[in-house]
Amino acid sequence: MRISERTQYINYFIFILAILCKGLGDAIFVKANPYGFFNLVKYIILLIGIFIYAYELKEKKERGYNPIFRKEFNVLVKMIIIIFIISCFYSIYNEQFSFRTVKELIFITIPIVFAYCMINIFEFYQINICAKISATIFLLSYFLEIGIGKLNISMAWSMIKNISLLGGDNDFSKSVFESSYFADPVMALFCFFTYFRETKWMIVCYIGILLMNKRVLILFATIILLIRIIPQLKSLFEKRTNRLVKYCLIIVFIVLPFVVKVMTMPYVEIYIFNRFGINMQDFWMGRDVMVQNLQNAGFESYGLGSTFDFYGKLFEIESLKFVFELSVFGWIVIVLSYWKIIDNYLYLMIVMTYIFVNINTSTSIMTGAFSWIFYLLLIGCIKYKDNVKIKMCYL
């Protein structure tokens, strides 16, 4: 049931075109106008890809192919349906509707459907090629984003030396190398290359992560890298863990947004500063003010995306965004759904832990269509190794 060579080239072309629209488009056009029409072009290309890939998958199924990653796909589709129902309830209850709800549902859905189709019509070597092409385009686009003229080795080294997980007023926090568009996609590719022992690409992506100046990414990329290079820890990549560990992590991440919410309150920030000398305002970098303003205004949700209408931009603590917009129940559904699809694979738990720590300080699910394509491909390739025909140095 091998796809013809001509069809394979078409599949590559669609994927690379989408990556180019993401890379060059974000670096040139979206940077100048983050909410302009061009920001939607990459999603339109992905939608076109979904229709073409889905047709190919339908043809394969008619010839007897049994799709993989179906259980995980169904879990995530059910999650989207529940989010839609909750959004409709709040919209009707508060008698207000926003087209932003539709857009954000599309933003969540596209990477899930695209990755599902891709993992069923691409073999692993093709996914691996796409990953390498994506890394090249994203990193080149990153340098285009920050400006070629700003490339300075001494400045970059100074920024790396001053890495601080607590924020603050230093070379790290003021870095001209910080990227708003490519950090999470490069992190997803780093996780992919690290697991499948593509050492050169792993190192290139890690250097990119260091330059892109995102604290949580740097922390977890370093942890993952150490696990890979320390001989005594390498076996962790293939281990499965007790399900109790996963359940404990699920509980932690269900509760964490409410801890974050308390930590953004002025009286808590003052207490932490007086008691520990930690400036939480530096740590949150304005996100605490977003939370405070939303609460002080008596915000009432009318579904997914309603905080965007309130601010005119994305709410930058994504876990709290979901809590405010979809209620505690909606947040629990999101946590359970994403954690369910990884089963008890230890490496996938590490990756998912990074993602859920990150969305308690930043955004990922709503802004990371391309990173989520690779996160989901990573999950699929690990869980269905035999089906995607992994034949490489990893084995």
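This is a predicted model: local features need pLDDT of at least 70, side-chain atom pairs count only at pLDDT 80 or more; totals for chains, interfaces and linings use all residues.
**Exercise 1. A pair within one helix**

Why are Glu-325 and Lys-321 separated by about one helical turn?

*Solution.* Residues are numbered from 1 along each chain as its sequence is written, and side-chain values use heavy atoms, with hydrogens and water left out.

Step 1. Glu-325 and Lys-321 are four residues apart in helix 15, so about one helical turn separates them. Helices here are DSSP runs of H or I with at least four residues, strands are runs of E with at least two, and both are numbered from the N terminus.

Step 2. An α-helix has 3.6 residues a turn, so residues three or four places apart point the same way.

Step 3. The two side chains meet in a salt bridge, at 3.0 Å from N to O. A salt bridge means a side-chain nitrogen of Lys or Arg within 4 Å of a carboxyl oxygen of Asp or Glu.

Step 4. The cut-offs are under 20% for buried, over 50% for exposed and in between for partly exposed, using a 1.4 Å probe and protein chains only.

**Exercise 2. Pairs that link separate parts of the chain**

How many salt bridges does a search of the whole structure find? Then describe the Glu-238 and Lys-385 pair and the Arg-287 and Glu-316 pair.

*Solution.* 

Step 1. The search finds twelve salt bridges.

Step 2. In one of them, the side chains of Glu-238 and Lys-385 meet at 3.1 Å, N to O. Glu-238 sits in the loop between helix 9 and helix 10, and Lys-385 in the segment after helix 17, so this pair ties together parts that are 147 residues apart in sequence.

Step 3. Both partners are partly exposed: Glu-238 has a relative accessible area of 42%, and Lys-385 has 21%.

Step 4. Arg-287 forms a salt bridge with Glu-316, their closest N and O atoms being 3.7 Å apart. Arg-287 belongs to helix 13 and Glu-316 to the loop between helix 14 and helix 15, 29 residues apart, and the pair links distant parts of the chain.

Step 5. Here Arg-287 is buried at 14%, whereas Glu-316 is partly exposed at 27%.

**Exercise 3. Following helix 10**

Where in helix 10 does a kink lie, and which helices do its buried residues pack against?

*Solution.* 

Step 1. Helix 10 has 21 residues and reaches 30 Å from its first C-alpha to its last, close to the 30 Å expected at 1.5 Å a residue. The expected span is 1.5 Å times one less than the number of residues.

Step 2. The kink, of about 35 degrees, lies at Leu-256, shortly before Pro-257. Such a bend is the angle between axes fitted to the seven residues ending at a residue and the seven starting there.

Step 3. The buried residues of this helix are Lys-246, Ile-250, Phe-253, Ile-254, Pro-257 and Val-260.

Step 4. Those buried residues pack against helix 12, helix 15 and helix 16.

**Exercise 4. The whole chain**

How many helices and strands does the protein chain have, and what percentage of its residues is buried?

*Solution.* 

Step 1. The chain has 17 helices and zero strands.

Step 2. Of its 395 residues, 56% are buried.

Conventions: Contact means heavy atoms within 4.5 Å.
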